[in-house]
Amino acid sequence: MIRKLLRESMIIVSICAVLAACSTSVFARTEAVLSWDDGEPDAYCGYPEAIKVAVWFQAPEWATSVVAVHVWFGGEWSPPFTVWLLRASGEWPYEPGLPGSDGFASGPVPGGTWSLVSLHDPVDISNPAHFPDRVFFASIEWETQAPDGVGVDTDPPVDGKSLVSNGSGWEWYELGDLMIRAVVSDSTGTPVELQTWGGLKSRYGRSRLPN
Ligand SMILES: [Ca+2]
Ligand SMILES: [Ca+2]
């Protein structure tokens, strides 16, 4: 009986080892977390200074998609919020433009720590017509007042890649680096469909769309 149990458990261990090897070879992918902050908030940026914030990123050449966003909220809990992956508008100096995908609704999440928002449909950034120079903006828009807001790293170097909006256009935020990070991957994302303002507004309503 004991010998039989041992033999069966050896078979199970062998199957698990084979499965692990297969999953490693089939699903191996490279990911990187892009960030401008040091991981320690020194201030917060929230209502009424901003109702949405964005951070500029340029993905490495090997990256083909954005798969997640990390955000640090202050206070005990964040308000409900939406994550947007925004395309650059025009040419350098880039500013946030049209959404590169649908918004990803999230929150409330605990404050005082990193929250990971996994993009259930990774956003494909490999097409230079949609994401020139692999530039994109990770944006957070909250739906109710957020007095504590998003963490700000004011320690040098302040990289000047953050923007805020009170609903009418964007301004570069110079006090520090907003604590939003982007996870890029070499896995294939969902191709971006060129969307028109009219189509987006009819789907989500004007108030939920970034400018
Ligand atoms: Ca800091
Ligand atoms: Ca910095």
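In which loop is Asp-133 found? In this predicted model, where local features need pLDDT of at least 70, side-chain atom pairs count only at pLDDT 80 or more, and totals for chains, interfaces and linings use all residues, the question is taken up below after the overall fold. Residues are numbered from 1 along each chain as its sequence is written, while chains are lettered from A and ligands numbered from 1 in the order in which they are written.

The protein contains two helices and 14 strands, these elements being DSSP runs numbered from the N terminus, with helices assigned as H or I over at least four residues and strands as E over at least two. Of the 211 residues in the protein, 37% are buried, a residue being termed buried if 20 or more other C-beta atoms lie within 10 Å of its own, exposed if 12 or fewer do, and partly exposed in between, with C-beta atoms placed from the backbone. Among the contacts with a separation of 6 or more, 82% are made by residues 24 or more positions apart, where a contact requires that the C-beta atoms of two residues, placed from the backbone, lie within 7 Å.

One antiparallel pairing is that of strand β5 (residues 81-89) with strand β6 (residues 95-99), which are joined by three bridges; strands are taken to pair if DSSP finds at least two bridges between them. Within this pairing, Ala-88 is placed opposite Pro-96 of β6. The two strands form a hairpin with five residues between them, and Gly-90, in the turn, has a positive phi of about 65°.

The bond from Tyr-47 to Pro-48 is cis, with omega near 0°, and Pro-48 is situated in the loop between β2 (43-45) and β3 (52-58). The bond from Pro-156 to Pro-157 is likewise cis, with omega near 0°, and Pro-157 belongs to the loop between β10 (150-153) and β11 (162-165).

The residue raised at the outset, Asp-133, is found in the loop between β8 (113-124) and β9 (135-142). The phi of Asp-133 is near 60°, a positive value in a residue other than glycine, and Asp-133 is exposed, with 12 other C-beta atoms within 10 Å. Arg-134 also lies in the loop between β8 and β9 and, although not a glycine, has a positive phi of about 60°. Arg-134 is partly exposed, having 19 other C-beta atoms within 10 Å.
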